[in-house]
Amino acid sequence: MSRKSRASKDSRKSHSSLNEDEEAIANEKEGSLAWKVLHISQVRTLLELNVDQVHLKMADLLNLKDHAVNLQDAAVLDYYVAGLWWAKEQSFTLQQISGFITALSILLENIREKQMSLVDNLKELKKMLVGIGHENPEVTGGLDFFNTDQAKLLTDYITKSLFQHYKLYQYMFSLEQDEMVIGTELSVEVAPPADIPFPPPLDEGMQEAVYLEHVAPPPPPPEKEEEKEAPSGEDEKVFTEEEVEDILEGVTTDELKEVISSVVNEMLGSLSADVGAKLKEREAQYLAKISKMQKIAE
């Protein structure tokens, strides 16, 4: 089929659907809720799709393009898709499905736009059900194309899907969703500038492991640390016995006692400090044991 003939066929199909929608709206009596949200051609198209396709088509028809990132739009879309699929399973007519979707839309908008309470919204549903079960009702709520059994099923579904979760819908429409900004750092390595006007061809490239093993120059050997020579100084002087005796001859007995006393005091001072620390540690251990025994006795 040529492109021109295909475009002509699509044009005729679109024109036919438009005429069908206009005719259905014209023949519908005043006050009916059918064809308000979904036209007859749209309902017929949706019934031919599977669940995933209905999800995408409904998002396009209801202009919920941000449903993938906006939780509010996603919840609203699921609300309508679930309602449409339930109506399909109940074998409702095209008119009944369209009117049911309109009823779902009115009840949901009462929460979102009017912040209507649960009691008031229940009254709105009751108004829409007026006239059901009568052949020619003088007053109708717009859903008189349902029979009484279907009206009971419809009421039960709306109660379980919307009214039992009413506070959740109120919370969803009253609280703004937090925006999460997620950033990703991207590191890009650029080729080093070539020595010649043009970089070397890619076919001359090689893997890094091959380059390091066969091409890259070997790393320089580590520098040996020069042995540090001991600083030159005066050699330790060794005294002979005669020199020691000569030194001691010049020291009096009192001075010798004083030197010996200072050395002994220095040695005993460090020793007493160590003994005192050990005694304190042992004392702390005994006190801990005593307190533990007292707790056990109590």
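This protein is built from 11 helices and 0 strands. Keep in mind that you are looking at a predicted model. Read along the sequence, the pattern is α-α-α-α-α-α-α-α-α-α-α.

**The whole protein**

- The protein has 298 residues, and 22% of them count as buried.
- Its accessible surface comes to about 24,100 Å², and carbon and sulfur atoms account for 55% of that area.
- Take the contacts between residues at least 6 apart in sequence: 58% of these join residues at least 24 apart.

**Where α5 meets α7**

- Two packed helices are described by the angle between their axes and the distance between the axes.
- For helix α5 (residues 94–112) and helix α7 (residues 148–161), the axes come within 12 Å and cross at roughly 35 degrees.
- The crossing of α5 past α7 is right-handed.
- Which residues in α5 and α7 meet? On the α5 side they are Q96, F100, L104 and L107, and on the α7 side they are Q150, L154, Y157 and I158.
- Sorted by class, this contact of α5 with α7 has 6 nonpolar residues, 2 polar residues and no charged residues.

**A closer look at Q96**

- You can find Q96 in helix α5, where Q96 is one of the residues that meet α7.
- Is Q96 buried or exposed? Its relative accessibility is 6%, so Q96 counts as buried, the cut-off for that being under 20%.
- Leaving aside residues up to four places away in sequence, Q96 touches F145, F146 and Q150.
- Of these, Q150 belongs to the α7 side of the helix contact described above.

**Salt bridges**

How many salt bridges does a search of the whole structure find? The search finds 4, and this briefing visits R44 with E20, D144 with K29, and R112 with E109.

*R44 and E20*

- R44 forms a salt bridge with E20, and their closest N and O atoms are 2.5 Å apart.
- Because R44 lies in helix α2 (residues 40–47) and E20 in helix α1 (residues 3–27), the pair ties together parts that are 24 residues apart in sequence.
- R44 is partly exposed, with a relative accessible area of 33%, and E20 also counts as partly exposed, at 25% relative accessibility.

*D144 and K29*

- The salt bridge of D144 with K29 has its closest N and O atoms 2.4 Å apart.
- D144 sits in the loop between α6 (118–128) and α7, while K29 sits in the loop between α1 and α2, so this pair ties together parts that are 115 residues apart in sequence.
- What sets the two partners apart in accessibility? D144 counts as buried at 15% relative accessibility, whereas K29 is partly exposed, with a relative accessible area of 45%.

*R112 and E109*

- R112 and E109 bring their side chains together in a salt bridge, at 2.5 Å from N to O.
- Both residues belong to helix α5 and are 3 residues apart, so about one helical turn separates R112 from E109.
- R112 is partly exposed, with a relative accessible area of 23%, and E109 is partly exposed with a relative accessible area of 23% as well.

Terms used:
Residues are numbered from 1 along each chain as its sequence is written. This is a predicted model: local features need pLDDT of at least 70, side-chain atom pairs count only at pLDDT 80 or more; totals for chains, interfaces and linings use all residues. Side-chain values use heavy atoms; hydrogens and water are left out. Axes are lines fitted to C-alpha atoms, for helices over the stretch in contact, and angles run from 0 to 180 degrees between N-to-C directions. Helices (H or I, at least four residues) and strands (E, at least two) are DSSP runs, numbered from the N terminus. A crossing is left-handed if the near helix is turned anticlockwise from the far one by less than a right angle, and right-handed if clockwise. Contact means heavy atoms within 4.5 Å. Ala, Val, Leu, Ile, Met, Phe, Trp, Tyr, Cys and Pro count as nonpolar, Asp, Glu, Lys and Arg as charged, and the others, Gly among them, as polar. Buried means under 20% relative accessible area, exposed over 50%, partly exposed in between (1.4 Å probe, protein chains only). Accessible areas come from the Shrake-Rupley method with a 1.4 Å probe; for residues, only the protein chains shown count as cover.
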